[in-house]
Amino acid sequence: MTVFICCFLTWTLMFLLLGSMGFVLREGVQQLRRLHQIPCADCEFFTNDYRLKCTVNPYVACTEDAIGCSDFEPKTCFANSCQQYCSRARKLPTETSQINPSVPPLATGIRI
């Protein structure tokens, strides 16, 4: 009889543990979906600086209150936070590999 009670309690605890893990997982996924709706990283006014995240709404930036922000403007290449990336993207590879005349071509792996 005690074996039956121990098995029953063990399986009950297992089902409760799995149920609570499923609940926590479901709540975590819902929270992540909500956080992915924050538009700040794609906004023109987002500075990508921890001291001043947004020039228009600094206290609301990167929080759930920023969802549906009325001042949201899509980011362009003229934004301050994007200029470094855009300037690198616009550069064309003008420099070709230069061969050092003092090193023989086979030593560098370049065949002429």
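A: Start with a definition: a disulfide is a pair of cysteine sulfur atoms within 2.5 Å. In general terms, a disulfide is a covalent bond between the sulfur atoms of two cysteines. The model is predicted, and by this rule it has zero disulfides.

Take Cys43. The nearest cysteine sulfur belongs to Cys54 and is 5.7 Å away. Cys43 is therefore in no disulfide, because the cut-off is 2.5 Å. Cys43 is buried, with a relative accessible area of 7%.

Now Cys69. Its nearest cysteine sulfur is that of Cys43, 6.4 Å away. Cys69 is in no disulfide either. Cys69 is partly exposed, because its relative accessible area is 27%.

Next, the empty space. A rolling probe the size of a water molecule shows where empty space is left. Here there is one cavity of 30 Å³ or more. The largest cavity has a volume of about 90 Å³. By class, the lining has eleven nonpolar residues, one polar residue and no charged residues.

Then comes the core. In soluble globular proteins, nonpolar side chains tend to be buried together. The largest nonpolar core here has seven residues: Ile38, Cys40, Cys43, Phe46, Cys54, Ala61 and Ala66.

Leaving aside neighbours within four places in sequence, Ala66 is in contact with Ile38, Pro39, Cys40 and Val60.

Conventions: Residues are numbered from 1 along each chain as its sequence is written. This is a predicted model: local features need pLDDT of at least 70, side-chain atom pairs count only at pLDDT 80 or more; totals for chains, interfaces and linings use all residues. Side-chain values use heavy atoms; hydrogens and water are left out. On a 1 Å grid over the protein atoms alone, a cavity is a set of points where a 1.4 Å probe fits but cannot get out, and a pocket is an open set with protein on both sides within 12 Å along at least five of seven lines; lining residues have an atom within 4 Å of a point. Grid points are joined across faces, edges and corners, and a volume is the space filled by probe spheres set on the points. Ala, Val, Leu, Ile, Met, Phe, Trp, Tyr, Cys and Pro count as nonpolar, Asp, Glu, Lys and Arg as charged, and the others, Gly among them, as polar. Buried means under 20% relative accessible area, exposed over 50%, partly exposed in between (1.4 Å probe, protein chains only). A nonpolar core is a set of buried Ala, Val, Leu, Ile, Met, Phe, Trp, Tyr and Cys residues joined through side-chain atoms within 4.5 Å. Contact means heavy atoms within 4.5 Å.
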